[in-house]
Amino acid sequence: MSELRQRLGREPGGAQEPEEKESESENKLDGETASDSESKSEFGGSPPVPTSDDTPEVLNRALSNLSSRWKNWWVRGILTLAMITFFFIIIYLGPMVLMMIVMCVQIKCFHEIITIGYNVYHSYDLPWFRTLSWYFLLCVNYFFYGETVTDYFFTLVQREEPLRILSKYHRFISFALYLTGFCMFVLSLVKKHYRLQFYMFGWTHVTLLIVVTQSHLIIHNLFEGMIWFIVPISCVICNDIMAYMFGFFFGRTPLIKLSPKKTWEGFIGGFFATVLFGLLLSYVMSGYRCFTCPVEFNNDTNSFTVDCEPSELFQLQEYNIPLVLQSVVGWKTVRMYPFQIHSIALSTFASLIGPFGGFFASGFKRAFKIKDFANTIPGHGGIMDRFDCQYLMATFVNVYIASFIRGPNPSKLIQQFLTLRPDQQLHIFNTLKAHLVDKGMLGSLEDA
């Protein structure tokens, strides 16, 4: 085993992992066929991610007297507070800035994963790998965000002729762009590296599925109301912090081999802390329209508006406490927002299932013997290291809203109705009128 592999085999805690015995068939997974005569290492070159200490010098000097364990605790704590402060600032700046931040995070996460693939296999001199990867990112973003613009900015799109044409043929244009990249990939195939190039093609597409699709769902959640964006993300952040705190001070029992530092004490403590945090945060935010109202685009002012009459989800209601708990808490009823009940589901997922996104990322990093996806944030690794659980959470929230919350949107139906030809509008009107007459609703409305 090469010296490079031994250096990359160190885990975040500094423990050396036993070297794995790889069979000849596993070695062939690096892309070389049986006929290849080249003798190359598994990583084919430089390490995927630098492993040097990226802690700012000012923190190194200030914490120089502490042990490595407590030094890491303080570095993570200070940087976590800085990131939380930044999170509050972008929330204050409004939905548009949030969308831009999501877009930037998506691009950075994609860059970190693709860079790992490039650094691992760059010695094979694969043509167009990074170029095609970024091209496919552009195509997928054009498709997803084009769909979003058409859906949420329908009136604006119909008002501008170029946008109306792009909207009408959006899916055809998206497919044509992707087909161009597909043909470019086929033309880039090189003898002796066919298998590896198809691995990289799959690498790119799985990365797009994990990163771009999930970030698109985050923006969809945001349009449902900022509370659907802030509460899930905050629950994941809370669980990450509290699991680390409980594990740091009380952790004794290992949780999973993929992450040796994770403990059952941290996992359980993080769960209860996250559920409590979700209840309190949702109670506070449910009282503000700026958080509960859907984010809509105002065509008159060409800006986003967050103003509405709060739905039943965000109106205080009285609930009966189960008889079993009445003797414990001493109350028979409790007043709370219905959204708080949904927040229990969100926080439970964030603390029980969300960490598996982190375990998945840990397995990925172990597969390539790297510590972090990058060294963007001292003490935390790359952006992808911080968002591995967030993407899984975004998918759950989107599915949860579609399954239990969202109903038909009358305003969007009317917008689409107004774009139809007059004869089509008249046909729908007559059909709807006949339906209301059969239901007995139209007559009662006319009498009133």
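User: How is one to judge whether Trp203 counts as buried or exposed?

Analyst: Trp203 has a relative accessibility of 12%, so it counts as buried. Please note that this is a predicted model, in which local features need pLDDT of at least 70 and side-chain atom pairs count only at pLDDT 80 or more, while totals for chains, interfaces and linings use all residues. Residues are numbered from 1 along each chain as its sequence is written, and side-chain values use heavy atoms, with hydrogens and water left out.

User: What share of the residues in the protein chain is buried?

Analyst: Of its 448 residues, 40% are buried. The chain has 20 helices and six strands; these are DSSP runs numbered from the N terminus (helices are H or I, at least four residues; strands are E, at least two).

User: How many aromatic pairs does the structure hold?

Analyst: Rings of Phe, Tyr and Trp (its six-membered ring) pair if their centres lie within 6.5 Å; planes under 30 degrees apart are stacked, over 60 edge-to-face, and the rest tilted. The structure holds 25 aromatic pairs. The ring centres of Trp203 and Phe364 are 5.7 Å apart and their planes stand at 70 degrees, so this pair is edge-to-face. It links distant parts of the chain, since Trp203 is in helix H10 (residues 194–223) and Phe364 in helix H16 (residues 355–367), 161 residues apart. Phe364, at 22% relative accessible area, is partly exposed. The rings of Phe248 and Phe249 have centres 5.1 Å apart and planes at 80 degrees, so they too are edge-to-face. Phe248 is buried at 9%, whereas Phe249 is partly exposed at 39%.

User: Where is Ser188, and what is it in contact with?

Analyst: Contact means heavy atoms within 4.5 Å. Ser188 is in the loop between helix H9 (170–187) and H10, and is buried at 4% relative accessibility. Leaving aside neighbours within four places in sequence, Ser188 is in contact with Pro127, Trp128, Leu132 and Gln197.

User: How does one compare the span of helix H4 with the span it should have?

Analyst: The expected span is 1.5 Å times one less than the number of residues. Helix H4 (residues 68–93) has 26 residues and should span 38 Å; its end C-alpha atoms are 37 Å apart, which agrees. An α-helix has 3.6 residues a turn, so residues three or four places apart point the same way. The buried residues of H4 include Arg76, Leu79, Thr80, Phe87, Ile90 and Ile91. Just after H4, Gly94 takes a positive phi of about 105 degrees.

User: What does Ser259 touch, and where is it found?

Analyst: Ser259 is found in strand S2 (residues 259–263) and is buried, with a relative accessible area of 6%. Not counting residues up to four places away in sequence, Ser259 touches Phe359 and Ser362. Ser259 and Phe360 are 101 residues apart in sequence, but 9.8 Å apart in space, C-alpha to C-alpha.

Methods: Buried means under 20% relative accessible area, exposed over 50%, partly exposed in between (1.4 Å probe, protein chains only).
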